[in-house]
Amino acid sequence: MVGRKGAVIKQALARLQPGTVKVEYRRGLPQVLIPLPTSRQRCLFTLKPVGNTVGDLIDMIKSEDKAISSVDITTTDNIRIASSNTIANLVEEDFKLTINGKEYFVKAPQKFEGASSDRMCEIRSLVQQLYTSLNASEHTAKLEMEFEMELENLKKQLEPLEKKKLELDRVAGRNATILTWFGLGLMSMQFGILARLTWWEYSWDIMEPVTYFVTYGTGMAAYAYFVLTRQEYLLPDVRDRQHLLSVYKRASKMGLDLDEYNRLKLSVAQLENNLTRIRDPLSKVQVPQVPVQFRDTRQPPEVSTTTSFPTRLKASVFSFFNSSSGKGK
């Protein structure tokens with residue numbers, strides 16, 4: 001049964017047109033030679049093993065000849081190959097290319113040796129890193145657009161709450177100002193009473209201990225403020241605290257949810273900070289420059305037995321391309 005199935009596959013492959021579509025490596029890149037049905041000429045497509053996919057090859061063939069209506073790529077067992085597969089996976093084994101119902105048998109190119117294959121894997125990793133770095137600007141632009149849309153949505157939600165908060169701040173600021181002037185009035189009244197008792201009613205000898213205890217009582221009141229509020233008695237801080245107390249006291253009456261307001265304000269601040277970091281020109285992806293090291297020529301240089309990873313990677317890339325170009329010749 002197995003032998004009969006193998007014979008059927010061989011007969012089907014014999015009916016195809018071998019050698020019409022050819023795949024080979026040139027300078028480390030696979031090149032596909034495909035005949036076009038309209039001009040009856042062969043067209044050479046240079047592909048990237050990792051950067052291009054099967055879907056990209058199909059789009060290239062269709063764009064090159066407008067008369068091509070259908071392009072299918074399948075295995076030798078007539079199993080369709082997904083468009084998301086990379087070219088590197090496609091050329092590992094033989095496959096069939098169908099253009100407008102006409103089938104072509106494509107033989108896989110010669111595989112590399114073990115050492116070259118290891119270097120190829122290393123190069124693939126490097127290409128993927130370079131691809132990520134080169135597409136960083138596109139990813140940054142996409143993030144910036146998402147942040148802007150989210151920021152606009154948050155600002156729309158914050159707009160009605162912001163109007164209520166402004167009105168609440170105006171009322172609380174007026175109350176804090178009234179309390180400040182009231183404190184100044186009390187201090188002026190205390191000064192007038194002490195002056196009246198000192199120069200008109202009594203003498204300084206009698207009022208001196210009274211003023212001492214008044215001063216000491218004022219210090220005790222300031223210390224009691226620190227004990228109760230855990231804040232130092234500073235007049236700007238006292239005014240701000242009274243302002244916040246008035247805001248939280250009147251927020252529920254005006255229908256303002258301060259927790260929701262604070263959450264939205266925090267989200268807006270975080271998004272604006274992210275946008276600032278994204279738009280900062282210093283945060284853009286830049287190619288690092290290799291620092292120039294000057295060597296003292298008066299002394300013989302020291303021979304290093306180890307090489308850095310970039311040097312070894314560069315050497316492997318050059319050796320791989322040299323070996324592949326030599327095989328291509």
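Residues are numbered from 1 along each chain as its sequence is written, and side-chain values use heavy atoms, with hydrogens and water left out. Because the model is predicted, local features need pLDDT of at least 70 and side-chain atom pairs count only at pLDDT 80 or more, whereas totals for chains, interfaces and linings use all residues.

The largest nonpolar core contains 25 residues, and I34, I61, I73, L90 and L97 have the most contacts inside it. Such a core is a set of buried Ala, Val, Leu, Ile, Met, Phe, Trp, Tyr and Cys residues joined through side-chain atoms within 4.5 Å; buried means under 20% relative accessible area, exposed over 50%, and partly exposed in between, with a 1.4 Å probe and protein chains only. At least two residues of this core come from each of β1 (22-26), β2 (29-35), β3 (42-46), α2 (54-64), β4 (71-75), α3 (87-90), β5 (95-99) and β6 (102-106). Helix α2 gives the largest share, 4 residues. Helices (H or I, at least four residues) and strands (E, at least two) are DSSP runs, numbered from the N terminus.

For "transmembrane region", the unreviewed entry lists residues 178-198 and 210-228. Residues 178-198 are 100% helix and 0% strand, with 30 Å between the end C-alpha atoms; residues 210-228 are likewise 100% helix and 0% strand, and their end C-alpha atoms lie 27 Å apart. UniProt positions are given in the numbering used here, feature names are shortened, and annotations may be inferred rather than shown by experiment.

Two helices can be described by their span, for which the expected value is 1.5 Å times one less than the number of residues. Helix α6 has 26 residues and reaches 37 Å from its first C-alpha to its last, close to the expected 38 Å. Its buried residues are M207, T211, Y225 and T229, and the helix is followed by R230, whose phi is positive, near 60 degrees. Helix α8 (residues 258-279) has 22 residues and reaches 31 Å, close to the expected 32 Å. In α8 the buried residues are L258, Y261, L264, S267, V268, L271, L275 and I278.

The largest pocket holds about 720 Å³ of space. Of the 19 residues that line this pocket, G183, M187, Y233, L235 and V238 are the closest to its centre. The elements giving two or more residues to the lining are α5 (136-201), α6 (204-229) and α7 (235-254), and α5 provides the largest share, 9 residues. By type, the lining divides into 13 nonpolar, 5 polar and 1 charged. On a 1 Å grid over the protein atoms alone, a pocket is an open set of points where a 1.4 Å probe fits, with protein on both sides within 12 Å along at least five of seven lines, and lining residues have an atom within 4 Å of a point.

T177 lies in α5 and R239 in α7; they are 62 residues apart in sequence, with their C-alpha atoms 8.2 Å apart. T177 is partly exposed, with a relative accessible area of 31%, and R239 is also partly exposed, at 35%.

Conventions: Grid points are joined across faces, edges and corners, and a volume is the space filled by probe spheres set on the points. Ala, Val, Leu, Ile, Met, Phe, Trp, Tyr, Cys and Pro count as nonpolar, Asp, Glu, Lys and Arg as charged, and the others, Gly among them, as polar.
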